[in-house]
Amino acid sequence: MIDLVLGRRQVLSGLVWVITGLALLTAGVGIAASAAVEAVDGGDELVDLLWPALVAFILGGVLLRISAFPGRVSTVGAFAAVAWSWVAVSIVGAVPFLSTGTLPVWYDALFESVSGFTCSGSTVLTDIEGQGAGILFWRSMTQWLGGMGLVVLAVAVFPLLRVGGLELISAEAPGPETDRLSPRIRDTAKLLWQVYFGLTVLVTVALLVVGMDLFDAVTHAFAAASTGGFSPRSSSIGTYDSVAIEVVIIIAMIIGGASFTLHYRAVQGDLGVYRRVSEARLYLQVLVGATALLTVLLLVDGVEDGVGGALRSAAFNAATIVSSCGFGTDDFTTWGSSAQFLLLVLMVPAGMTGSTSGGMKLLRLQVLVRHALREVVRSRHPQAVVPVRLGNQPVAEDVVSRVVGFAVIYATSILFGGVLVTALGVDLVTGFSGAVSAIGNIGPALGEAGPASTFLEYPAPARGALMALMLLGRLELFAVLYMFAGIARALPRRRLTER
Amino acid sequence: MTAGTGARRRPSFADGHEERLDQRRSVAAVGMAGVAGVSATTAAICLVVELLTGAEEWLSFATTLVLAAALAAGLGLRYRLPPVARTTALLVGVVWSSLLACGLVALPYLVSGLLDPDAAIFEAVAGVTTTSATTVRDPGELGHGLLLWRAASQWTGAAGVVLLVVVALPQLGIGGLDPGGVVTRSARRVAPRASAAIRRLGAVYVGLTVIAGIAYVAVGMPTFEALIHALTTASTGGFSTRAGSLGAFDSAAIEIVAIVVMAAAGTSLPLAWRVVRRREFGALWSSVEFRMYFLVLVVVAVVHLAGNGVDDGVPTGIRQSAFASTSAISTTGFEIQSLAAIDPGAAAILILGMGTGAMAASLSGGFKLVRVMAVYGFVRRELVRQLHPGLKASVRVGRSALSEPMVNRMIGSISLSLGLLVVGALVLSAVDPALDSSTAIIDAVSIAVTSVANAGPADVGGASLSWPAGLGVVGRLTSSALMLVGRVEVTPVLVAAGLTSERLTVLVPRRRPNRQLDR
């Protein structure tokens, strides 16, 4: 026993324990930082924030102490580590919401925490302004920490595991990703985090310049860089009614929803990379196209009178949906059905691979569309050899299969999730848009659960289903699908290090 | 096929271009002549019925008869089917024939002046594509001739689809429904020659219609209405003689007959032929697609029952759920309860069921279950491959392995249909004033799904039975287009519209000289 506590005997061997321990320690640091913010602000809830931090530290520390990094990491092991650490950190991250009495019911606290760590931004908190600064800081912090993990996952880990054809991420622009999970992944992570921190600081400064106070600037920068979307104001960005703030947030969201591989290259001086990579071009085309179309629809439907106002609403909402951030300025559930449907459609692919944005990712949409159109070509020339292309690069058939397989599972999850949520007691629009929003980690949905409302519109069981969808979408489906397999050891494993 | 290794085959357009055009024209002309001939025959029958029962609209049918007969004679005498026809020629023929069919069917509605031009076109397209949506608020006000014309358009439309699906499309492999590939027992070729196959499958279809008619009469439906409903049930069309669809009869027996006939119409015709003709009842259950069909029917009914409840007693509740499930999955579209009036969860599962459709090579619309099963097999393989990247395994449906091109065709066709749905719903919600309120988003989506799947009922603000009547001109034309494209599939339409390989590759992947390919 003594040996255990002193770390002289490590009884748990497995990546899952190490990663979970690290994640919990990080969460502890985050909660402690929130406690510091609370202390500065007045400190009513200081103790309520300190003891969860202590719990996180102790749990994480003990786990790290008694676990050993395994010699070899299997695919299933890596998936399980990612998924379980996300679940663990979400559970521990829910404790401050309970201890401060912000959300007195355990499943509400868990929902808020899951929504935070998955960078979704769907909330069940109604009285936001009535909460202490510490807990609001923690709420934004969950997203920022989630984003920190995600950047590494999206750029380095998932492509390495070839999830849903994500290895294509380096087809057009090789990034900093490593070919082994260890130990160089640490260097990759450091590089990516530098970019991520840099973005956060930049956004904070920009927001301060355009007139936000420090607390709001920091929390909004957290949520924008991680494309999460939690705001310490109940009317989100709409509270300020300032064009300058909206412009800063739009730019921040667009950067957050774009690939960090490209940002990394750009920081190294290769600015042309944004123009070379076809997915980045598509990302900008989608943003511009959606803004233009929304502007027209808003004017035609008479939602906005002037072109300027329509453009402002359209640009903000296109960016917030495509980047999967979920900040709000307008209640788009009052718009015409075509504008709303357009937003719903944009939620499905959402942003770029290698970013913190959710959704199926534009890269996969590119491959999917070309795969479908190739069949039209083949119907006329059955023997033709037509590769699916990304930019000018032909994509290998097995990669195409992985992408298509991913897309099919994604679509199926939306359909079944939508039916389930609807059957649990909401109308069709609210149910299906909730499923699309949750699996895409967008934040707001349509119908009853729009930006001006909360996810309390869904009955508790439906919120449970949405929570599962958030995790499923966030961890690129496969991590969740395999998270139990690692424990059962039912599936034979591939040695990652032997590639 | 490994990307980037094989040299791109560049077909030369200099040689044989004229010949191909000729071929395309002949095939289209023969197809259109056939359609015109069938329309003329139907018009003649309706003319007789109209003259016998009241003769109000005899002029419409006489006009149609003359025009269709002239067209059939003109085209039929001038053109002959070429000995060999290329894929493109057949696809173009299919698309033009269906367009002509819609035009001819619309003629009596237009001449009689009962419907506006857009409503007439909608009614015709809904008929030919066997969709039950109708612009006629109360069919009871129509004369016997027109009622028969509507029902006959569905019956012949479905017959055309059998011809298409069982004889033409499989040769082309559109959507992966190849001969022999369409999975095992359910669609193994029924006869070595196409003509014999058509005769046998036609016999099953006619037999089902006759049995349905007799059964309807036996349970107390008036004879003429029984005839109409037999035509529209066996074809999974769903037009009715009454404003309240089959629910207007308020008869449990009639509903049960409809359930059985609809379920039968959703069964693969080759499979049905084997079961009936060869007395191989075991073949039914040994078909993996049929087992799936049965399972889906039951599951959708149970979910519907769970959502809808049993307020009117358990037997009624079960009957209603079985009816709703069968009507949706066979894409017939008869209603006893409006889709907008039931529990949202139940409505969601029904809309999903319409999209899925019933068995391949049946009379139903939708994706077809075999494709859904193939996609499931594909996903399962990808899940295993994620862990074993080098794994060589084929996608299986039941015991049969599907070839990679076929799997790709199936998935490609599903992607295209989904794309069509999204674009359709977006256009519908953008152009139709009736669908542009902030709550109309589900109306637009459900109209798009029901149109593409050729089902009929949609979840539209409380009045799902006559949703087309509430639409504007553009909305009706848009959903007509969706029905038509849904019925003949997206690929033939794209090919017939000239969106062929050369242009597509410019449109989508940028074609620059590629060192790897030109090596």
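Author: A crossing is called left-handed if the near helix is turned anticlockwise from the far one by less than a right angle, and right-handed if it is turned clockwise. In this predicted model, H6(A) passes H8(A) in a left-handed crossing.

Reader: At what angle do H6(A) and H8(A) pack, and how far apart are their axes?

Author: The angle is about 25 degrees, and the axes are 7 Å apart. Angles under 35 degrees count as roughly parallel, and H6(A) and H8(A) are therefore described as roughly parallel to each other.

Reader: Which residues meet there?

Author: On the H6(A) side they include Phe137(A), Met141(A) and Trp144(A), and on the H8(A) side they include Phe215(A), Phe222(A) and Ala225(A). The residues of this contact divide into nine nonpolar, four polar and no charged.

Reader: What do the buried residues of H7(A) pack against?

Author: They pack against H6 (133-161), H8 (214-225), H9 (243-256) and H10 (260-267), which are helices of chain A. Among the buried residues of H7(A) are Leu192(A), Tyr196(A), Leu199(A) and Val203(A).

Reader: How does the span of H7(A) agree with what its residues should give?

Author: H7(A) has 25 residues, which should span 36 Å at 1.5 Å a residue, and its end C-alpha atoms are 36 Å apart, so the two agree. After H7(A) comes Gly211(A), with a positive phi near 105 degrees.

Reader: Changing topic, how many residues does each chain give to the contact?

Author: Chain A gives 58 residues and chain B gives 62 residues. In chain A, the elements that each supply at least two residues include H4 (75-99), H16 (397-423) and H17 (428-439). By class, the side of chain A that touches chain B has 30 nonpolar, 16 polar and 12 charged residues.

Reader: Why is H17(A) described as largely enclosed?

Author: It is described in that way because 12 of its 12 residues are buried. Leu428(A), Phe432(A) and Ile439(A) are among them.

Reader: Which helices do those buried residues pack against?

Author: In chain A, the buried residues of H17(A) pack against H14, H16 and H18 (460-474), and in chain B against H13 (344-356) and H16 (441-452). H17(A) is followed by Asn441(A), whose phi is positive, near 55 degrees.

Reader: And what is chain B made of?

Author: Chain B has 21 helices and two strands. Of its 519 residues, 58% are buried.

Terms used:
Residues are numbered from 1 along each chain as its sequence is written. Chains are lettered from A and ligands numbered from 1 in the order in which they are written. This is a predicted model: local features need pLDDT of at least 70, side-chain atom pairs count only at pLDDT 80 or more; totals for chains, interfaces and linings use all residues. Two residues are in contact if their C-beta atoms, placed from the backbone, lie within 7 Å. Helices (H or I, at least four residues) and strands (E, at least two) are DSSP runs, numbered from the N terminus. Ala, Val, Leu, Ile, Met, Phe, Trp, Tyr, Cys and Pro count as nonpolar, Asp, Glu, Lys and Arg as charged, and the others, Gly among them, as polar. A residue is buried if 20 or more other C-beta atoms lie within 10 Å of its own, exposed if 12 or fewer, and partly exposed in between; C-beta atoms are placed from the backbone. The expected span of a helix is 1.5 Å times one less than its number of residues. Axes are lines fitted to C-alpha atoms, for helices over the stretch in contact, and angles run from 0 to 180 degrees between N-to-C directions. Angles under 35 degrees count as roughly parallel, over 145 as roughly antiparallel, 65 to 115 as roughly perpendicular and the rest as oblique.
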